[in-house]
Amino acid sequence: MDFNDNLPIYMQIMNLIKSKMASGEISGGDKLPSVRELSKELKVNPNTIQRAYQELEREELVFTQRGMGTFATEDMEVIKSLKRKMARELVNRFFMEMKKLGFSIDEVKSIVFEWIEREDGE
Amino acid sequence: MKNIVEIKGLTKKYSSKVALNNINLNIEKGKVVGILGPNGSGKTTLIKILAGLLRQTSGEVLIDGRSIGVYTKSIVSYLPDRSFLYKWMKIEDAMNLYKDFYSDFDEEKFNELLSFMKLERNMKIDALSKGMHEKLNLSLVLARNSKLYILDEPIGGVDPVARDQIIDAIINNYNEESSMIITTHLVRDMESILDEVVFLKEGNIVLTGSAEALREERGKQIDDIYKEVFGE
C-alpha cells in the first residue's frame with residue numbers, strides 16, 4: 001500500500017480497515033492482524049498502527065480483548081451505519097467533483113440514470 | 001515518557017565554521033526519529049556526537065541520563081554512512097569482531113537478519129555489492145540489543161529492492177524498549193516508519209514534531225514539507 005494521500009497515515013490505515021469491514025472482507029467478530037503483523041505488512045511504524053487501532057476502538061468499530069488481540073465489532077448496526085456513512089462520503093465527493101466540472105444537478109442526474117440503465121442492461 | 005536522548009544548547013564548530021548551532025532536542029524511549037536535511041546540513045555531525053566520535057564545542061548531550069562516554073557507547077548501536085569493515089574479512093569474521101566488541105551482540109538475531117537479507121556467513125566482504133554491504137552493516141548494527149540505534153543514511157545509494165529489505169528489517173527489529181535515530185534525505189521511502197521528524201538546515205533545527213501531527217496540520221506528506229523547507 002502506498003501512503004501518498006495527504007492524510008495522516010493512521011487515518012489512511014483506518015480507512016483501509018473501514019472499507020474492508022464495509023465490504024465484508026473483514027466480517028463481524030474477525031480478529032484483526034496484530035499491530036506487529038500489520039506494521040510489517042504495510043511497512044509502517046508500529047506506533048502508527050497502534051494509533052489507528054485506538055481510534056477505531058474509540059469509534060467502536062473494533063474492540064480489544066486483553067491478551068487476545070483486536071477484533072472487528074459484532075454489532076451489525078454499527079457496520080450498517082459505517083456503510084451508510086462511507087456511502088454518503090462517496091456521494092458527497094462525487095457531487096463535488098461533478099460540480100467542479102461544471103455539471104448541473106439535472107445533468108448529473110441524467111448521467112447517473114444512464115449509467116444505471118446500462119448496468120441493468122448487462 | 002522517559003527521554004533516551006536529551007540535547008541542550010548543542011553547538012559544534014569546525015574552526016570558524018558552525019556545523020551545529022544551539023540544538024535542543026529530546027528523544028523519547030520507543031520512538032523512531034528521522035533527522036532530515038540535505039548534505040551538509042549537520043546530520044552526520046549530530047550523529048557522530050551522539051555516537052561519541054566527535055566532541056561538541058559547547059552544550060549538553062545526555063544519553064540515558066549520562067554524558068557521552070564508555071557507558072553511552074555500550075548502549076548505542078551506530079551505523080556509519082560508510083563502510084567500516086576490512087576487505088579481507090568474511091561475514092563471519094565481521095560477526096566475530098562485533099561479538100568481541102559488544103557484549104550485547106545477539107548471534108541468533110544476527111543469523112535471522114542474515115537469512116532475511118539473503119546473505120551467507122562465508123561470503124567475502126570484498127565480493128559484496130553496495131546493497132549487500134549496506135545490508136550486512138545494518139544486520140551487524142541491529143543484532144545488538146541496544147537502547148539507541150543510530151542509522152546514518154541506511155538506504156543511501158542502494159537499489160529499490162535492497163531498500164525495501166532494509167526498511168523491513170528496521171521495522172521488524174523495532175521494539176518499544178529502544179529508540180532509533182535515522183538520518184536520510186530519501187524522505188519518501190522512510191516517512192511511514194518515522195514517529196518524529198527533525199528538519200536540520202545549515203546546523204539549525206528549523207522544524208520538528210510528530211510526523212502524523214505535521215501531516216495533519218499541513219495536509220501534506222513529510223516529503224512535500226521537506227521540499228518546502230529545503231527547496232528554493
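This is a predicted model: local features need pLDDT of at least 70, side-chain atom pairs count only at pLDDT 80 or more; totals for chains, interfaces and linings use all residues.
Local features need pLDDT of at least 70 and side-chain atom pairs count only at pLDDT 80 or more, while totals for chains, interfaces and linings use all residues. Residues are numbered from 1 along each chain as its sequence is written, chains are lettered from A in the order in which they are written, and side-chain values use heavy atoms, without hydrogens and water.

**View 1. An open sheet of four strands in chain B**. The order is S2-S1-S4-S5, with antiparallel pairing; strands are DSSP runs (E, at least two residues) numbered from the N terminus, and two of them pair if DSSP finds at least two bridges between them. Look for B:Leu10, whose bridge partner in S2(B) is B:Ile23; eight bridges join S1 (residues 3-14) of chain B to S2(B).

**View 2. Where chain A meets chain B**. Here 19 residues of chain A are in contact with 21 residues of chain B (heavy atoms within 4.5 Å). The buried area is about 1600 Å², with 44% from carbon and sulfur atoms; this is the accessible area (1.4 Å probe) that the two parts lose on being put together, summed over both. A:Asn6, A:Lys43 and A:Asn45 supply 36% of what chain A buries against chain B, more than any other three residues.

**View 3. A salt bridge across the interface**. The side chains of A:Lys43 and B:Asp168 meet at 2.7 Å, N to O; the rule asks for a side-chain nitrogen of Lys or Arg within 4 Å of a carboxyl oxygen of Asp or Glu.
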